[in-house]
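Here is a friendly note to read alongside the model. Please keep the structure open and follow the points in order.

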Amino acid sequence: CGICHGAQLKGLGNVPNLAGRSPIYLVRQMYDFKHGARTGKEVALMIPLVVGLSQDDMLNLAAYIASLQP
C-alpha cells in the first residue's frame, strides 16, 4: 500500500490517504475494486492487488489501516 499511498498511508499526490479512514469505507472500496464497480486509470492499479483478497483479508487490512493516525 505504501508505494502509492505513502509510507504512513497518508496519501501521495492524487492518491488518497488511507490512515484513519472508517473500516467500512475501506472494505467497501476494496470490494468495489475487486468486483469491477470502480473504474478509471488509477483504479486499474488496485485491481491486481485486491483480486486475491478474501473478505477476511479485507476486514483485517481495514482494521489495521483504520487504526493508524490520519
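The points below go from the ground rules to the helices, a few loop residues and the pocket.

1. Ground rules. This is a predicted model, in which local features need pLDDT of at least 70 and side-chain atom pairs count only at pLDDT 80 or more, while totals for chains, interfaces and linings use all residues. Residues are numbered from 1 along each chain as its sequence is written, and side-chain values use heavy atoms, with hydrogens and water left out.

2. Helix H2. H2 has 12 residues and reaches 16 Å from its first C-alpha to its last, close to the 16 Å expected at 1.5 Å a residue (the expected span is 1.5 Å times one less than the number of residues). Its buried residues are Leu-26, Val-27, Gln-29, Met-30, Asp-32 and Phe-33. Buried means under 20% relative accessible area, exposed over 50%, and partly exposed in between (1.4 Å probe, protein chains only). H3 and H4 are among what covers these buried residues of H2. Just after H2, look for Gly-36, which takes a positive phi of about 80°.

3. Helix H3. Which residues of H3 are buried? They are Val-43, Met-46 and Val-50. Seen down the axis of H3, its buried residues fall within an arc of 55°, so they line one face of the helix; the arc is that of the directions from the helix axis to the C-beta atoms. The face turned away from the buried side of H3 carries exposed Leu-45 and Pro-48. The buried residues of H3 pack against H1 and H2.

4. Helix H4. Met-58, Ala-62 and Ile-65 are the buried residues of H4. They cover an arc of only 70° around the axis, which puts them on the same side of H4. Asp-56, Asn-60 and Tyr-64 are exposed on the other side of H4. The buried residues of H4 pack against H2.

5. Asp-32 and Arg-38. Asp-32 lies in helix H2 and counts as buried at 12% relative accessibility. Arg-38 sits in the loop between H2 and H3 and is partly exposed, with a relative accessible area of 31%. Leaving aside neighbours within four places in sequence, Arg-38 is in contact (heavy atoms within 4.5 Å) with Gln-29, Asp-32, Phe-33 and Val-43.

6. Leu-9. Is this loop residue buried or exposed? Leu-9, found in the loop between H1 and H2, counts as buried at 7% relative accessibility. Leu-9 also has a positive phi of about 60° although it is not a glycine.

7. The largest pocket. About 660 Å³ of space lies in the largest pocket. Of the 24 residues that line the largest pocket, the closest to its centre are His-5, Val-15, Leu-18, Phe-33 and Met-46. On a 1 Å grid over the protein atoms alone, a pocket is an open set of points where a 1.4 Å probe fits, with protein on both sides within 12 Å along at least five of seven lines; lining residues have an atom within 4 Å of a point. Grid points are joined across faces, edges and corners, and the volume is the space filled by probe spheres set on the points.

Terms used. Helices (H or I, at least four residues) and strands (E, at least two) are DSSP runs, numbered from the N terminus.
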